[in-house]
Amino acid sequence: MNHKGTKLIETERLILRPFREDDAEPMFRNWASDPEVTKFLTWPAHETVEVSKQIVKDWVKGNLVLQNYQWAIELKNIHEPIGSISAVKTDDRTESATIGYCIGRKWWGQGITAEALQAVIEFFFSQVKANCVNACHDPRNPNSGRVMKKCGMVFEGTWRAGGVNNQGVCDESWYSILKNEYEIKSQVRGGKHRITFDVNNLQWTRKPLAFHVEDGRIEITTKPHTDLWQRTYYHFRNDNAPVLQMETDEKFFSFIVKTDFTKSHHRFDQCGIVMYLDGENWLKGSVEYENEHFQHLGSVVTNDGYSDWATTAIPADVKIMWYRFSRREDDYCIECSSDGENFNQMRVCHMLKGDGTIRFGIYACSPEESSFTAVFSDMKITECAWKAHDGQAPDEV
C-alpha cells in the first residue's frame, strides 16, 4: 500500500485531522470519560484528564509514522473534537485496513460516525490504495454495525468469543468492503449507472388487452376484472394485472414515469408504478378512479401474501401523475408529483424479498367490468434521489 499517514480530511460537517496536544481536555470532556461511550471498547473510561493528556501525547508522536492513522473527529460548528477514528491495524500483505471509532454520547444518532467512516474508507481506497477496509463490533452493540452497513460494508460473519473488551470475552461481528464494491457504489452516488432505461429491456408478466410502444411512449389497454390484491380485509386474492418490467440487481437508483389516465372512467380503474416480484410480494403506486367527484392516490405494499393499502383522496379532474420509485438495498420509497419536478413522499417500506435481483416498471388494470387505455411516458432512471437517512437513532455508537 502507499502509506500517507494521518492526512487532513474534510466532509460537510467534519474535519478529520491529526490530534494536537491541546485536544486532551475536549477529549476527556466530550467522550473519553464517559463509561457509556467506552462500554464496548477495549480501553476504560479515563478517570482524569491526565490520562487523556498522555494518550494524546502518544498519538501525536505516533502520527509521525506514515503507517499510523489516528484522526480527531472535529465538528466544524464547535471547532473541537468530539471523537476519534483510526486504523487499528493495517496489513500490506492483504492490502487491508481495520477501522475503529467512537464519538461522544451527545452526538449519537446524527449520522456523524457514518460520515467520518465513509470519508476514511474513501481515503484508504483512493490515497493509500488499499483493497479492503474492514471493522468489527460486539453484537450487543448493534448500532455500530448499522454504521458499517450504512457505509456500504458487507456483513462477513461473527467470530464467537473472538475478542476482549470492557465487558470481558466477547463475540465479534465483522464487516468489510472491497475497493471494486466501493467504486461501484461511488458511481451510483455520482449518477454513473450500470443500468439505463430501455423499452427493449421490458418484459411482460401477463399481457393486457392491447398495447402499443413507440418513441418512449407506452399505451396499455386493460382487460376487465384484472387487479393486484392479497387477502387483507377484502379476503380475496387477485393476481392477474398486466405488468411490464425490467430486471436489475442495482442496489441504489430511482425510476421516474409520467402516467396519463385521462381515459379512465370506471370505479377502480388504475395505472402507475410497480415492483412485482411474485404473486405474494410486490408494491405499487397509482391513482385509482372512484367517481366523478374524487379518486384515490395510493400505494399498496404486499409482503408474504398480505396487502397493505395507504391512500388519500384527490379531485377527479386530476388526470396526469408522475411517480418516482427509489431503491436503497431492500428498502423502497414511492413518491408522486403533479409537475414532474417536485415530488412528495407517498410510501417508505421494507420488502422482505427485495434484497436481491428485482423487477420494476409499470402496470394498469380494471378490477370491474371496464377497460381503459393508460399512457406512460418520460421514463428514465437516475441516481437514487432518496438519500440515506441522517437523523434519529439508532444509528451509531
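Helix α4 is largely enclosed by the rest of the structure, because 13 of its 15 residues are buried (under 20% relative accessible area; exposed is over 50%, partly exposed in between, with a 1.4 Å probe and protein chains only). This is a predicted model, where local features need pLDDT of at least 70, side-chain atom pairs count only at pLDDT 80 or more, and totals for chains, interfaces and linings use all residues. Residues are numbered from 1 along each chain as its sequence is written, and side-chain values use heavy atoms, with hydrogens and water left out.

**Helix α4**
- α4 covers residues 112–126, and its end C-alpha atoms sit 21 Å apart, in agreement with the 21 Å that 15 residues should span at 1.5 Å a residue.
- That expected span is 1.5 Å times one less than the number of residues.
- Helices here are DSSP runs (H or I, at least four residues), as are strands (E, at least two), numbered from the N terminus.

- Phe236 is in the loop between β12 (228–230) and β13 (237–239), and is partly exposed at 38% relative accessible area.
- Tyr233 is in the loop between β12 and β13 too; this residue is exposed at 64% and has a positive phi of about 65° without being a glycine.
- His235, from the loop between β12 and β13, is exposed at 67%, and its phi is also positive, near 70°, again in a non-glycine residue.
- Tyr233, Tyr234, Phe236 and Trp309 make up a nonpolar surface patch with about 440 Å² of accessible area together.
- Patch members have over 30% relative accessible area and no salt bridge, with nonpolar side chains (Val, Leu, Ile, Met, Phe, Trp, Tyr) joined within 5 Å and like charges within 9 Å.
- A salt bridge puts a side-chain nitrogen of Lys or Arg within 4 Å of a carboxyl oxygen of Asp or Glu, and the areas are Shrake-Rupley values with a 1.4 Å probe, where only the protein chains shown count as cover for residues.

**Cysteines**
- There are 0 disulfides in the structure (cysteine sulfur atoms within 2.5 Å).
- Cys132 is buried at 14%, and its sulfur is too far for a bond because the closest cysteine sulfur, in Cys136, is 13 Å away.
- Cys349 is buried at 11%, with the closest cysteine sulfur, in Cys333, at 8.4 Å, so that is too far for a bond as well.

**Aromatics**
- A whole-structure search turns up 20 aromatic pairs (ring centres of Phe, Tyr and Trp, its six-membered ring, within 6.5 Å; planes under 30 degrees apart are stacked, over 60 edge-to-face, the rest tilted).
- Trp204 and Phe211 are a tilted pair, 5.0 Å centre to centre with 50° between the planes.
- Trp204 is partly exposed at 21%, and Phe211 is partly exposed at 39%.
- Phe197, Phe253, Phe255, Phe325, Tyr332 and Phe360 form one aromatic cluster.
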